[in-house]
Amino acid sequence: MRYFLIITILFLFLPATASAWPGRIVAVIDGDTIEVEPANGGQRVRVRLHGIDAPEKRQPVGESATGFVFGFLYREVEIQEQEKSPDRYGRTVATIFFSDGDSLQAALLRNGFAWVWPRYCKNCQEWQGLQEDARMARRGLWSEPSPMAPWLWRQQRREARQRQ
């Protein structure tokens, strides 16, 4: 009985662990949402890329960000789910790793096709460094005169609709 109590207490107070599983990118929804087919079969899983926000399709560079992700279609990946997954839209929130250890998020940031999203990405100094390097080199969205973060762009559009 004492062991049962100890195990129960451990489960209550230890943080939940995120799961990881192999798969293959089979569809691109936009610059930060993909569909993955699990390697062991089963249904496709819609995945929202953790910690970043890519420009919306109607934003400058939005179509280019989506096109960049298309370059990874059918690639074998490791999906590392976040603890707070799924999101409010039912998508699995995950970091997508390639066999060389790089991530899809890092590739997007390195090439200027996404922002680190501070609201959802804590302890992302490495990714912030990639974003800053892209900004300094004026790659991707950073080549625009006044790039606007997607979360601000969406908020601006919501406010404009409410005024109508």
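I started with two cysteines: cysteine 121 and cysteine 124 are both buried. Buried means under 20% relative accessible area, exposed means over 50%, and partly exposed lies in between (1.4 Å probe, protein chains only).

I noted the ground rules next. This is a predicted model, where local features need pLDDT of at least 70, side-chain atom pairs count only at pLDDT 80 or more, and totals for chains, interfaces and linings use all residues. Residues are numbered from 1 along each chain as its sequence is written, and side-chain values use heavy atoms, with hydrogens and water left out.

**Entry 1: the disulfide**

I looked for disulfides, meaning pairs of cysteine sulfur atoms within 2.5 Å. I found one disulfide by this rule. Cysteine 121 is joined to cysteine 124, with 1.6 Å from S to S. A disulfide is a covalent bond between the sulfur atoms of two cysteines. Which hand does the disulfide of cysteine 121 and cysteine 124 have? The torsion about its S-S bond is about -85 degrees, so it is left-handed.

**Entry 2: the overall layout**

I counted helices and strands as DSSP runs, numbered from the N terminus (helices: H or I, at least four residues; strands: E, at least two). The chain has five helices and seven strands. Along the sequence I read the pattern α-β-β-β-β-α-β-β-α-β-α-α. Of the 164 residues in the chain, 41% are buried. I then checked contacts, meaning heavy atoms within 4.5 Å. Among contacts in the chain with a separation of 6 or more, 58% come from residues 24 or more positions apart.

**Entry 3: histidine 50**

I found histidine 50 in the loop between β3 (45-49) and β4 (52-53). Histidine 50 is buried, with a relative accessible area of 14%. What does histidine 50 touch, not counting residues up to four places away in sequence? Its partners include Gln82, Val93, Tyr120, Cys121 and Trp127.

**Entry 4: aromatic rings**

I paired rings of Phe, Tyr and Trp (its six-membered ring) if their centres lie within 6.5 Å; planes under 30 degrees apart count as stacked, over 60 as edge-to-face, and the rest as tilted. The whole structure gave me six aromatic pairs. One of them is tilted: phenylalanine 68 and phenylalanine 113 lie 5.1 Å centre to centre, with 35 degrees between the planes. This pair links distant parts of the chain, 45 residues apart. Phenylalanine 68 is in helix α2 (residues 62-70), and phenylalanine 113 is in the loop between α3 (104-110) and β7 (115-116). Both phenylalanine 68 and phenylalanine 113 are buried.

Tryptophan 117 and tryptophan 151 form a stacked pair, at 5.6 Å centre to centre and 5 degrees between the planes. Tryptophan 117 is in the loop between β7 and α4 (125-137), and tryptophan 151 is in helix α5 (residues 150-163), so the pair ties together parts 34 residues apart in sequence. Are these two buried or partly exposed? Tryptophan 117 is buried at 13% relative accessible area, and tryptophan 151 is partly exposed at 22%.

I also saw a cluster: ring pairs link Phe68, Phe72, Phe98 and Phe113. I then looked for charges over rings (NZ of Lys or CZ of Arg within 6 Å of the ring centre and within 35 degrees of the ring normal). The charged end of arginine 75 sits over the ring of phenylalanine 98, 4.1 Å from its centre.

**Entry 5: helix α2**

The buried residues of α2 are Gly62, Ala65, Thr66, Phe68 and Val69. They fall within an arc of 155 degrees seen down the axis of α2, so they line one face of the helix. The arc is that of the directions from the helix axis to the C-beta atoms. What covers them includes β1 (20-30), β2 (33-38) and α3.

**Entry 6: helix α4**

I listed the buried residues of α4: Trp127, Leu130, Gln131 and Ala134. They cover an arc of only 100 degrees around the axis, which puts them on the same side of α4. Gln125, Glu126 and Met136 are exposed on the other side. The cover over the buried residues of α4 includes β4, β6 (92-97), α3 and β7.

The peptide bond from serine 85 to proline 86 is cis, with omega near 5 degrees. I placed proline 86 in the loop between β5 (76-81) and β6. Asparagine 123 has a positive phi, near 55 degrees. Asparagine 123 is exposed at 70% relative accessibility.
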